[in-house]
Amino acid sequence: EQQDESAKKQKPSVVMSIASTTGLIAIDIAFRKLLKFYSIAFPSALAGCGSLFTAMVALYTVKPSLGDSIYTLLAPGSAVLAKWLPVFFVPSLVTLPLAQSLGSS
(Lines give C-alpha, C1' and ligand atoms only; values in the text may rest on other atoms or scores of the structure.)
Protein backbone atom coordinates (compact mmCIF):
# COMPACT_ATOMS: atom_id res chain seq x y z
CA GLU A 1 0.00 0.00 0.00
CA GLN A 2 2.88 2.36 0.76
CA GLN A 3 4.35 1.61 -2.66
CA ASP A 4 1.10 2.76 -4.29
CA GLU A 5 1.21 6.04 -2.35
CA SER A 6 4.85 6.63 -3.21
CA ALA A 7 4.16 5.87 -6.88
CA LYS A 8 1.47 8.57 -6.91
CA LYS A 9 3.87 11.11 -5.39
CA GLN A 10 6.61 10.51 -7.97
CA LYS A 11 7.43 13.20 -10.47
CA PRO A 12 5.57 12.82 -13.76
CA SER A 13 7.55 11.61 -16.74
CA VAL A 14 8.97 14.04 -19.26
CA VAL A 15 6.64 12.66 -21.92
CA MET A 16 3.61 13.22 -19.69
CA SER A 17 4.73 16.78 -18.89
CA ILE A 18 5.23 17.60 -22.56
CA ALA A 19 1.90 16.03 -23.55
CA SER A 20 0.08 17.86 -20.78
CA THR A 21 1.68 21.20 -21.66
CA THR A 22 0.85 20.65 -25.33
CA GLY A 23 -2.75 19.91 -24.38
CA LEU A 24 -3.06 23.14 -22.40
CA ILE A 25 -1.53 25.14 -25.25
CA ALA A 26 -3.90 23.47 -27.73
CA ILE A 27 -6.86 24.44 -25.54
CA ASP A 28 -5.63 28.04 -25.53
CA ILE A 29 -5.17 28.07 -29.31
CA ALA A 30 -8.62 26.58 -29.84
CA PHE A 31 -10.24 29.24 -27.65
CA ARG A 32 -8.23 31.99 -29.35
CA LYS A 33 -9.49 30.86 -32.77
CA LEU A 34 -13.05 30.44 -31.49
CA LEU A 35 -13.15 33.91 -29.95
CA LYS A 36 -11.58 35.45 -33.05
CA PHE A 37 -14.08 33.64 -35.30
CA TYR A 38 -16.99 35.12 -33.33
CA SER A 39 -15.25 38.53 -33.05
CA ILE A 40 -15.27 38.43 -29.26
CA ALA A 41 -12.67 40.65 -27.64
CA PHE A 42 -11.87 38.50 -24.60
CA PRO A 43 -8.62 36.88 -23.45
CA SER A 44 -8.48 33.31 -24.72
CA ALA A 45 -6.50 32.14 -21.70
CA LEU A 46 -9.19 33.39 -19.35
CA ALA A 47 -11.98 31.84 -21.42
CA GLY A 48 -10.14 28.53 -21.59
CA CYS A 49 -9.39 28.57 -17.87
CA GLY A 50 -13.01 29.25 -16.98
CA SER A 51 -14.34 26.66 -19.38
CA LEU A 52 -11.85 24.03 -18.27
CA PHE A 53 -12.67 24.70 -14.62
CA THR A 54 -16.41 24.47 -15.31
CA ALA A 55 -15.99 21.24 -17.26
CA MET A 56 -13.85 19.68 -14.55
CA VAL A 57 -16.32 20.63 -11.80
CA ALA A 58 -19.23 19.32 -13.88
CA LEU A 59 -17.42 16.04 -14.57
CA TYR A 60 -16.48 15.73 -10.91
CA THR A 61 -20.13 16.24 -9.97
CA VAL A 62 -21.27 13.52 -12.38
CA LYS A 63 -18.46 11.09 -11.58
CA PRO A 64 -15.61 12.17 -9.27
CA SER A 65 -13.06 9.92 -10.95
CA LEU A 66 -13.57 11.77 -14.29
CA GLY A 67 -12.73 15.15 -12.81
CA ASP A 68 -9.79 13.69 -10.92
CA SER A 69 -8.42 11.97 -14.01
CA ILE A 70 -8.51 15.17 -16.06
CA TYR A 71 -6.79 16.99 -13.22
CA THR A 72 -4.14 14.27 -13.05
CA LEU A 73 -3.57 14.54 -16.80
CA LEU A 74 -3.25 18.33 -16.88
CA ALA A 75 -1.39 18.94 -13.58
CA PRO A 76 2.12 18.24 -14.98
CA GLY A 77 1.62 20.74 -17.80
CA SER A 78 0.29 23.31 -15.37
CA ALA A 79 3.36 22.85 -13.19
CA VAL A 80 5.68 23.29 -16.20
CA LEU A 81 3.92 26.47 -17.31
CA ALA A 82 3.89 27.90 -13.78
CA LYS A 83 7.60 27.16 -13.37
CA TRP A 84 8.64 28.78 -16.66
CA LEU A 85 6.13 31.66 -16.68
CA PRO A 86 8.66 34.27 -15.45
CA VAL A 87 10.91 33.52 -18.40
CA PHE A 88 8.24 34.87 -20.73
CA PHE A 89 7.23 37.92 -18.67
CA VAL A 90 10.53 39.25 -17.32
CA PRO A 91 11.97 40.40 -20.69
CA SER A 92 8.84 42.48 -21.36
CA LEU A 93 8.90 44.01 -17.90
CA VAL A 94 12.59 44.87 -18.13
CA THR A 95 12.11 46.77 -21.39
CA LEU A 96 8.91 48.51 -20.24
CA PRO A 97 10.69 51.65 -18.97
CA LEU A 98 12.27 52.03 -22.41
CA ALA A 99 8.89 52.15 -24.15
CA GLN A 100 7.55 55.45 -25.38
CA SER A 101 5.05 57.22 -23.20
CA LEU A 102 1.57 55.76 -23.51
CA GLY A 103 -0.16 58.77 -21.93
CA SER A 104 -1.73 61.78 -23.58
CA SER A 105 1.41 63.94 -23.31
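1. The model under review is a predicted one. Of the 105 residues in the protein, 13% are buried.

2. As to secondary structure, the protein contains 4 helices and 0 strands. Read from the N terminus, the order of its elements is α-α-α-α. Among contacts in the protein with a separation of 6 or more, 52% are made by residues 24 or more positions apart.

3. Helix α2 covers residues 14–37. The buried residues in α2 are Ser-17, Ser-20, Thr-21, Leu-24, Phe-31 and Leu-35. After α2 comes Ser-39, which has a positive phi, near 55 degrees.

4. Once neighbours within four places in sequence are left aside, Thr-21 is in contact with Gly-77, Val-80 and Leu-81.

5. Side chains of opposite charge can pair when their charged atoms come close. The count of salt bridges comes to 1. The partners are Asp-28 and Arg-32, whose closest N and O atoms are 2.6 Å apart; the cut-off is 4 Å. Why are Asp-28 and Arg-32 separated by about one helical turn? The reason is that they are 4 residues apart in helix α2. Arg-32 has a relative accessibility of 45% and so counts as partly exposed, a class that lies between the limits of 20% and 50%.

6. The aromatic side chains call for a brief remark. A pair of aromatic rings is described by the distance of the centres and the angle of the planes. The count here comes to 1 aromatic pair. Phe-37 and Tyr-38 form this pair, with 5.0 Å from centre to centre and 85 degrees between the planes. Their arrangement is edge-to-face, since planes over 60 degrees apart fall in that class. Are Phe-37 and Tyr-38 buried or exposed? Both Phe-37 and Tyr-38 are exposed.

7. Helix α3 comprises 19 residues, numbered 44–62. From its first C-alpha to its last, α3 reaches 27 Å, close to the 27 Å expected at 1.5 Å a residue. Ser-44, Ala-47, Gly-48 and Met-56 are buried in α3. These four residues lie on the same side of α3, because they cover an arc of only 155 degrees around the axis. The other side of α3 carries exposed residues: Cys-49, Phe-53, Thr-54 and Thr-61.

Terms used
Residues numbered from 1 in each chain as written. Predicted model: local features only at pLDDT ≥ 70, side-chain atom pairs only at ≥ 80, totals over all residues. Heavy atoms only, no water. Phe/Tyr/Trp six-rings, centres within 6.5 Å; stacked < 30°, edge-to-face > 60°. Buried < 20%, exposed > 50% of the residue type's maximum accessible area, 1.4 Å probe, protein only. Helix = DSSP H or I, 4+ residues; strand = E, 2+ residues; numbered from the N terminus. Expected span 1.5 Å × (residues − 1). Arc of directions from axis to C-beta. Contact = heavy atoms within 4.5 Å. Salt bridge = Lys/Arg side-chain N within 4 Å of Asp/Glu carboxyl O.
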